[in-house]
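Dear colleague,

Please find below the structure that I am handing over to you. My notes on it follow directly after.

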Amino acid sequence: AAFDEYAGEFKSAADFAEDLVRETGPEIPKALEYYIDWASLARDMELNGEILVFETGFDEVHIIWAR
């Protein structure tokens with residue numbers, strides 16, 4: 001069912017992408033942190049069909065894994 005794939009509520013899809021990388025990816029060197037475009041990463045994940053993003057209010061989105 002779809003809710004088995006529910007990733008959670010976030011302030012933005014960008015926040016989701018950042019949290020995902022920080023929790024599952026390699027450690028990001030401090031010198032590179034501010035060069036990462038989290039919004040573009042989240043947009044690409046949505047365009048690639050990896051996630052569904054539902055905006056339900058100001059600073060409130062729900063993310064569902066699509067695959």
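What does the accessible surface of the chain come to, and what percentage of it belongs to carbon and sulfur atoms? The model is a predicted one, and in it the accessible surface amounts to about 4900 Å². Carbon and sulfur atoms hold 55% of that surface.

As to the overall fold, the chain contains 2 helices and 3 strands, and their order along the sequence is β-α-α-β-β. The C-alpha trace spans about 40 × 25 × 20 Å along its principal axes. There are 67 residues in the chain, and 24% of them count as buried. Among contacts with a separation of 6 or more, 49% are made by residues 24 or more positions apart.

Is E33 buried or exposed? E33 counts as buried, because its relative accessibility is 14%, and the limit for burial is under 20%. Leaving aside residues up to four places away in sequence, E33 touches R22 and I28. With R22 there is also a polar contact, side chain to side chain, at 3.2 Å.

With kind regards

Methods. Residues are numbered from 1 along each chain as its sequence is written. This is a predicted model: local features need pLDDT of at least 70, side-chain atom pairs count only at pLDDT 80 or more; totals for chains, interfaces and linings use all residues. Side-chain values use heavy atoms; hydrogens and water are left out. Helices (H or I, at least four residues) and strands (E, at least two) are DSSP runs, numbered from the N terminus. Buried means under 20% relative accessible area, exposed over 50%, partly exposed in between (1.4 Å probe, protein chains only). Contact means heavy atoms within 4.5 Å. Accessible areas come from the Shrake-Rupley method with a 1.4 Å probe; for residues, only the protein chains shown count as cover. A polar contact is a pair of N or O atoms within 3.5 Å; within protein, one must be able to donate a hydrogen and the other to accept it, and residues adjacent in sequence count only if both atoms are side-chain atoms.
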